[in-house]
Amino acid sequence: MTIYRRIYEQHYGSIPKDEKGRSYEIHHIDGNRQNNSPSNLIAVSIQEHYDIHYRNQVYCACMLIATRMRISTDEISKLSSL
């Protein structure tokens, strides 16, 4: 388990799961993965996490999340060309 997931759980309790049984992801609100302050961490579904990074045009993060979501290789290829 990553340090920021542990920090989240210590301050907010168990990390929820979505309707498919997948653990929620922990998003760094300010985009700085080194800032593990509890106030900078939020639990979001994997789809919400993807959408956040897509809106912010952080396509490399989208590609990693898409792989975990098991999005098609065609969709991942589209992201890599952005």
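Helices and strands are runs assigned by DSSP, numbered from the N terminus. From that end, the elements of this chain run α-β-β-α-α-α. That makes four helices and two strands. The model is predicted.

**Overall size and surface**

- The chain has 82 residues, and 35% of them count as buried.
- Along its principal axes, the C-alpha trace spans about 40 × 30 × 20 Å.
- The accessible surface comes to about 5,500 Å². Carbon and sulfur atoms account for 50% of that surface.
- The chain carries 10 positive and 9 negative charges.
- Take the contacts between residues at least 6 apart in sequence: 29% of them join residues at least 24 apart.

**The nonpolar cores**

- In soluble globular proteins, nonpolar side chains tend to be buried together.
- Which residues form the largest nonpolar core here? There are eight: I46, Y50, Y59, C62, I65, A66, M69 and I76.
- Two helices, α2 (46-55) and α3 (59-69), each supply at least two residues of this core.
- The largest share comes from α3, with five residues.
- A second, separate core has seven residues, including Y4, I7, Y8 and L41.

- I46 belongs to the largest core. Apart from neighbours within four places in sequence, I46 is in contact with D18, R22, E25, I65, R68 and M69.
- A66 sits in helix α3. Is A66 buried or exposed? A66 is buried, with a relative accessible area of 0%.
- A66 and Q47 are 19 residues apart along the chain. Their C-alpha atoms are separated by 8.9 Å.

**The cysteines**

- How many disulfides does the structure hold? The structure holds zero.
- A disulfide is a covalent bond between the sulfur atoms of two cysteines.
- C60 is in no disulfide. The nearest cysteine sulfur to that of C60 belongs to C62, 8.1 Å away.
- C60 is exposed, with a relative accessible area of 55%, whereas C62 is buried, at 0%.

**The loop between β1 and β2**

- This loop runs between β1 (25-28) and β2 (41-44), and S37 is found there. D30 lies in the loop between β1 and β2 too.
- S37 counts as partly exposed, at 29% relative accessibility.
- S37 and I7 are 30 residues apart along the chain, yet their C-alpha atoms are separated by 7.9 Å. I7 is part of the second core.
- D30 counts as partly exposed, at 44% relative accessibility.
- Which residues does D30 touch, not counting those up to four places away in sequence? D30 touches N35 and N40.
- D30 and N40 are ten residues apart along the chain, and their C-alpha atoms are separated by 6.6 Å.

**The loop between α2 and α3**

- Where is Q57 found? Q57 is in the loop between α2 and α3.
- Most residues other than glycine have a negative phi.
- Q57 has a positive phi, near 60°, and is a residue other than glycine.
- Q57 counts as exposed, at 57% relative accessibility.

Technical notes. Residues are numbered from 1 along each chain as its sequence is written. This is a predicted model: local features need pLDDT of at least 70, side-chain atom pairs count only at pLDDT 80 or more; totals for chains, interfaces and linings use all residues. Side-chain values use heavy atoms; hydrogens and water are left out. A nonpolar core is a set of buried Ala, Val, Leu, Ile, Met, Phe, Trp, Tyr and Cys residues joined through side-chain atoms within 4.5 Å. Buried means under 20% relative accessible area, exposed over 50%, partly exposed in between (1.4 Å probe, protein chains only). Contact means heavy atoms within 4.5 Å. Accessible areas come from the Shrake-Rupley method with a 1.4 Å probe; for residues, only the protein chains shown count as cover. Lys and Arg count as positive and Asp and Glu as negative; His and the chain ends are not counted. The place of a charge is taken as NZ of Lys, CZ of Arg, CG of Asp or CD of Glu. A disulfide is a pair of cysteine sulfur atoms within 2.5 Å.
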